[in-house]
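Biologist: I have the sequence and the structure open. Can we walk through them together? I'd like to begin with the rings.

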Amino acid sequence: MRTGARFGSVIAAAALLAAPGAAQVRSAEWKDDPFPSRYTPAPSGDMLLRGATILDGAGGRIDGGDVLVRGGKIVAVGKALTNPGVREVDAKGRWITPGVIDVHTHNGTFVVPLTDIDREASDVSEVSSPNGADTWIETAVNPQDMGFDRGLMNGVTTMQILPGSTPIFAGRSVVVKPVRGATVWDMKAAGSAQGFKMACGENPKSWGADDDNDGPTSRQGVIAYMRQAFLDAQAYGRERAAGKVGRDLKKEALLGIMAGDIRVNLHCYRANDIASVLAVAKEFGFRIGAIHHATEAYKIPGLLRESGTCAAVWADWWGFKMEAQDAVRAEAPMLERAGVCVMMHSDSAADGQRLNIAAAKAAAAGRRIGIETPPETMIKWTTSNPAKLLGLEGKVGTLKPGLSADLVLWSGDPFSIYTRADLVLIDGAVAWDRSKPPGAPVSDFELGRGGVR
């Protein structure tokens, strides 16, 4: 997708409903959210950050610039701003960016250290069927996971938690703020688009290898399974609209995908696998929001541009499985130069603390082959592009008056390994201050099991 393109195409939805044999369901039941957000922003502290190098996330840079935050919102970005009587922060020599957005985490469902002790502690995937489209990963999230705090301490202000990639249809995602809450719904970001995880390639094709499982055992079997599932969902939609059948949550979710209301995050590595699923999406009239991992996306930038699909990539993960053999370190800048929407992602609680460094490594690899990517562009890979994928571009991802004050004051250049997040604001409230220790409550996982409280 070109950076400014919109997801959830109304045209695609209209085409689905007008096509011969298309599914028309009363009231678009797939839009219902049975688990509403209970997130409430913390009280914000109005402030003026003065004299920083500012990367606004939209391609702009201001040297010696100021950011004014009031009422949880960004009020002004510029130079020599007037102080309306608020706390002033000397940011000279430091940098300000929008908060980092990680579009691929498993925080709260593949919890460290529990899964280091016993992998049965993981709830990352529902593997009773290749089709888990009726599941919502938020119902499994443990908010005590240290990954949330660790990400926050390193500038992450928004995370998408995805189900795993063993099922072909893995279910709904959830977007959260890494704030402390008793339940995931105290963290759930309001207003994001509904997301969904699909998978192709090695992971789902191995699902049916066990004699006890009834599922595909090959790449062609995975694609055939997808196509049949969408056909079955269309047939269900017609019967549902006619009042002939009750609700089927699996098929309902697939109807939402075809209508453009639910955005697909596709786990896929090889170029031919990506092309195969893009063909399925075209056949059934929907758009894939982003290909995650996408280690061979650099081979097919034209297909990604044509389909309006982003690539969520790593800087240097390769060789850990057969389908990841042909990765290149400079993929992000190569795709950027080719006009593809690019973003960094983690898939790891460790890498999720270092997405800015992942962007720096990718850009450095690009420079070695003659592609220069300035910081004004690199910052989009972890801020504004992810915000668009999540449907949050009108709330976060750029430093723009009227948007929520999710921002980071860095000790220096955010693309330097020596830089730390000095101050992290979420909705204008200080969520992390490096000069002060974290306050209570502290996760049990931080305290360990040896002490008595």
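Biologist: How many aromatic pairs does a search of the whole structure find?

Modeller: The search finds 11 aromatic pairs. Keep in mind that this is a predicted model.

Biologist: What kind of pair do Trp-317 and Phe-320 form?

Modeller: Trp-317 and Phe-320 are edge-to-face. Their centres are 5.9 Å apart, with 90 degrees between the planes.

Biologist: What are those two values for?

Modeller: A pair of aromatic rings is described by the distance of the centres and the angle of the planes.

Biologist: How accessible are Trp-317 and Phe-320?

Modeller: Trp-317 has 25% relative accessibility, so it counts as partly exposed. Phe-320 is at 44% and also counts as partly exposed.

Biologist: Which residues do ring pairs link into a cluster?

Modeller: The cluster holds Phe-169, Phe-196, Phe-230, Phe-284 and Phe-286.

Biologist: Let's go to the inside. Which residues have the most contacts in the largest nonpolar core?

Modeller: They are Phe-169, Phe-230 and Met-344. That core has 79 residues. Helix α5, residues 219-241, gives the most to it, with 7 residues.

Biologist: What is Phe-230 in contact with, leaving aside neighbours within four places in sequence?

Modeller: Its contacts include Phe-169, Met-198, Leu-254, Ile-257 and Val-280. Phe-284 and Phe-286 are on the list too.

Biologist: New topic, sheets. What is the strand order in the open sheet of 6 strands?

Modeller: The order is β8-β10-β11-β12-β13-β14, with mixed pairing. The edge strands are β8 (169-172) and β14 (342-344). Each of these pairs on one side only. From one strand to the next, the twist averages 25 degrees.

Biologist: How many bridges join β10 to β11?

Modeller: There are 6 bridges, and the two strands run parallel. Strand β10 covers residues 194-199 and β11 covers 262-268. In β11, Asn-265 is the bridge partner of Lys-197.

Biologist: Which strands does helix α6 touch?

Modeller: Helix α6 (residues 249-258) packs on the sheet and touches β8, β10 and β11. Its direction makes about 95 degrees with that of β11. Helix α7 (residues 271-283) packs on the sheet as well, touching β11 and β12. The direction of α7 makes about 165 degrees with that of β12.

Biologist: Now backbone angles. What is the phi of His-293?

Modeller: Phi of His-293 is near 80 degrees, a positive value in a residue other than glycine. Most residues other than glycine have a negative phi. His-293 lies in strand β12, residues 288-293.

Biologist: And Ala-80, what is its phi?

Modeller: Ala-80 has a positive phi of about 50 degrees, although it is not a glycine. It lies in the loop between β3 (73-78) and β4 (87-90).

Biologist: Is Ala-80 buried or exposed? And His-293, buried or exposed?

Modeller: Ala-80 is exposed, with a relative accessible area of 68%. His-293 is buried, at 2%.

Biologist: Last one. How confident is the model, as mean pLDDT?

Modeller: The mean pLDDT of the protein is 91, and 90% of its residues reach 70 or more. Over residues 1-25, however, the pLDDT is below 50. Beyond near neighbours in sequence, that stretch has 53 contacts in the model.

Definitions and conventions: Residues numbered from 1 in each chain as written. Predicted model: local features only at pLDDT ≥ 70, side-chain atom pairs only at ≥ 80, totals over all residues. Heavy atoms only, no water. pLDDT = per-residue confidence, 0-100. Contact = heavy atoms within 4.5 Å. Helix = DSSP H or I, 4+ residues; strand = E, 2+ residues; numbered from the N terminus. Buried < 20%, exposed > 50% of the residue type's maximum accessible area, 1.4 Å probe, protein only. Core = buried A, V, L, I, M, F, W, Y, C linked by side-chain atoms within 4.5 Å. Pairing = 2+ DSSP bridges. Axes fitted to C-alpha atoms, helices over the stretch in contact; angles between N-to-C directions. Phe/Tyr/Trp six-rings, centres within 6.5 Å; stacked < 30°, edge-to-face > 60°.
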